[in-house]
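Trainee: Can we go through the labels on this model one by one? I want each one set against its cut-off.

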Amino acid sequence: MKYYGIFLLFITFFAACQSGKKEKTEDGFNQQKADSLALILPLIQNDPVALKTLDSIPVPSLKDTVNKDETGKDSLRFSRTFQLAANRMCKAEKDKDYFELSAFTPQSIIQFYKSREAYIERMKMSDEGRPAYEKILAGPIQRIAPATDDNGFAAAWYCLMPVRSYRKDAQGGDVVDVSWLGGQCEIKNQTVYFVNVTGLSREKILQVMPDLTFVLDKK
């Protein structure tokens, strides 16, 4: 039971969302659709609700691997893999598809609850009373890096990405709850796991995803 309090912090995708940054905004973003990262990145910096018109965050184009070295190409490929997975997870969170959500949970957390079924039941209990979000968008990725050994070989890639969850406050105004995800993608089987790292100490984060240091320490 040593890590019980830590695992509860990761019980569901947005368990720490309420402790994230909250911004009341006016939705002044009238663009019908932004279908590339190049178009939406400037908007993110200027307007917290700029992404609200999107159904999901666009994935990087593999065409952008031209003239990149192997590390650059891998970075783009895994950015794409992370973003596709994050988009699926956001949809699962919005739809309350707990089985799909559990597929993105690190195995150490599943094992802590003895079974996937027990973990899903705990997620359902923890979800009671949480805000009803109109939309949940994760990304774009802010940091990405491989976890390399002393010989330069990598077994997995890691990332950090923001999550913006849109809801209404008691007065009907727009509120954006901002949280952060750490992600892991194993090279061998392309399995993607996410943890909500919002407001957590480095020690607690690394107890669940130790090699996230490769992006936490990246400058």
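**Labels and their cut-offs**

Trainee: Why is Lys124 called partly exposed?

Mentor: Its relative accessibility is 36%. Buried means under 20% relative accessible area, exposed means over 50%, and partly exposed is in between (1.4 Å probe, protein chains only). So Lys124 counts as partly exposed. Glu121, at 45%, is also partly exposed.

Trainee: What do these values rest on?

Mentor: This is a predicted model; local features need pLDDT of at least 70, side-chain atom pairs count only at pLDDT 80 or more, and totals for chains, interfaces and linings use all residues. Residues are numbered from 1 along each chain as its sequence is written, and side-chain values use heavy atoms, with hydrogens and water left out.

Trainee: What makes Lys124 and Glu121 a salt bridge?

Mentor: The term asks for a side-chain nitrogen of Lys or Arg within 4 Å of a carboxyl oxygen of Asp or Glu. The closest N and O atoms of Lys124 and Glu121 are 3.6 Å apart. Therefore the pair passes. The two residues are 3 apart in helix 6 (residues 116–127), about one helical turn. Helices (H or I, at least four residues) and strands (E, at least two) are DSSP runs, numbered from the N terminus.

Trainee: How many salt bridges are there in the whole structure?

Mentor: A search finds 8. One of them joins Asp177 and Arg167, at 2.8 Å from N to O. That pair links distant parts of the chain, with Asp177 in strand 5 and Arg167 in strand 4 (residues 154–168), 10 residues apart.

Trainee: Are Asp177 and Arg167 buried or exposed?

Mentor: Asp177 is buried, at 0%. Arg167 has 13%, so Arg167 is buried too.

Trainee: What makes Arg202 and Asp217 a salt bridge?

Mentor: The closest N and O atoms are 2.9 Å apart. Arg202 lies in helix 7 (residues 202–208) and Asp217 in the segment after helix 8 (213–216), so the pair ties together parts 15 residues apart in sequence. Arg202 is partly exposed at 41%, and Asp217 is partly exposed at 44%.

Trainee: How do you know that two rings pair?

Mentor: Rings of Phe, Tyr and Trp (its six-membered ring) pair if their centres lie within 6.5 Å; planes under 30 degrees apart count as stacked, over 60 as edge-to-face and the rest as tilted. By this rule there are 5 aromatic pairs.

Trainee: Why is the pair of Phe78 and Trp157 called stacked?

Mentor: The ring centres are 5.3 Å apart and the planes are at 10 degrees, so the pair is stacked. Phe78 sits in helix 3 and Trp157 in strand 4, so parts 79 residues apart in sequence are tied together. Phe78 is buried at 7%, and Trp157 is buried at 4%.

Trainee: Why is the pair of Phe82 and Phe194 called tilted?

Mentor: The centres are 6.4 Å apart, with 55 degrees between the planes. Phe82 lies in helix 3 and Phe194 in strand 6 (residues 192–196), so the pair ties together parts 112 residues apart in sequence. Phe82 counts as buried at 0%, and Phe194 counts as buried at 6%. Ring pairs link Phe82, Phe104 and Phe194 into a cluster.
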